[in-house]
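Morning, everyone. One model today, and I'll keep it short. Please bring up the viewer.

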Amino acid sequence: MSTNIKLKASARTLSLKDCYAMGEDGAYSLFKKLRWPATDGDPVCPKCGSVEVYEIKTRRRFECKACRKQFSVTSGTIFASRKLAFTDMLAAFALISNSAKGLSAMQLSRDLDVQHKTAWLLAHKLREAMAAETKDAILSGIVEVDGAFFGGHIRPENKKEDRKDRRLSEHQTGKRRAVVVARQRKGRTLPTVHETEADGVETVAKIVAKGSTVHADEAAHWDTLHAMFPTLRINHSVAYSLNGACTNQAESYFSRLRRMIDGQHHHVSPKYLAAYAEHAAWLEDHRALDNGAMTKRIIGLAMGHPVSRQWKGYWQR
Ligand SMILES: [Zn+2]
């Protein structure tokens, strides 16, 4: 209805102002449409699937006429225990999809005027929902593979004389990890995190379908792929490809992840590196979508994603 028209009209620049202009009712109605797309937003009982429900309007809840289950638009989803208004959630999702390099929880909390931990948790839940889009995905056709190290970042403002020691201690704390990516041309980007790039080869072999052609660089650990796939190699040191091998798309993924981590999430811990790597992959794979479409897609993913084992009751632990 009007919400949709509004969203379409402002698709290119779905701004904070647009989100708040929608009002709490408009934002709520958009969440309903994306939670229950099959009924265009009419509630469906999460327990028995019935569409015969009473609406408890004042509390934005429903009661199933068949099984008496009470539920809301976010019941059973990763945002089940939401504390934010729908306009704030919509604004958060829009901000996250508008920022090509990702968004720090600090920035998000400032923009939305919410507590840092609220913003941090919301962003992580959203990353989990985004990553689920490629859960169990298998790549085929032409697949580029590559790896790069992240973490153990040294702040430039550290005094020069401290640098060496700091670098040593960073290495000793083991914060450095390799992100290995497999990227299908005209397809999805699947990153995984490992101790070393070589450790990722086995995973790559599992997520690439037989019959695919793999493009990799000259690093020796990729040699094992030749037994499984037609594999083309590029030698970066001579910047020359004899047989048309090219890993440019894997490299542009890494440049996005590098900008995201250096620009927003300094000192990323190995614990969260996979979440950022998946976030960057999602943004890369949906870069052709306009902001409005991207935001709707993110809301749809969040509303279709179950309660998180990792993040449920996170601050109560
Ligand atoms: Zn029911």
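How many strands form the open sheet, and in what order? Five, in the order E6-E5-E4-E7-E8, with mixed pairing. Strands here are DSSP E runs of at least two residues, helices are H or I runs of at least four, and both are numbered from the N terminus. Two strands pair if DSSP finds at least two bridges between them.

A word on the source. This is a predicted model: local features need pLDDT of at least 70, side-chain atom pairs count only at pLDDT 80 or more, and totals for chains, interfaces and linings use all residues. Residues are numbered from 1 along each chain as its sequence is written.

Next, E5, residues 177-184. E5 and E6 run antiparallel, joined by six bridges. Ala-182 sits opposite Leu-190 in E6.

Helices on the sheet. H9 (residues 248-263) lies across E4 (142-150), E5 and E6, at about 30° to E4. Angles run from 0 to 180 degrees between N-to-C directions, with axes fitted to C-alpha atoms, for helices over the stretch in contact. Contact means C-beta atoms, placed from the backbone, within 7 Å. H10 (residues 270-285) also touches E4, E5 and E6, and its direction makes about 165° with that of E6.

Last, a helix pair. H3 (residues 23-35) and H11 (residues 291-303) pack at about 65°, axes 8 Å apart. Phe-31, Leu-34 and Arg-35 of H3 meet Lys-296, Ile-299, Gly-300 and Met-303 of H11.

Note on methods:
Two residues are in contact if their C-beta atoms, placed from the backbone, lie within 7 Å.
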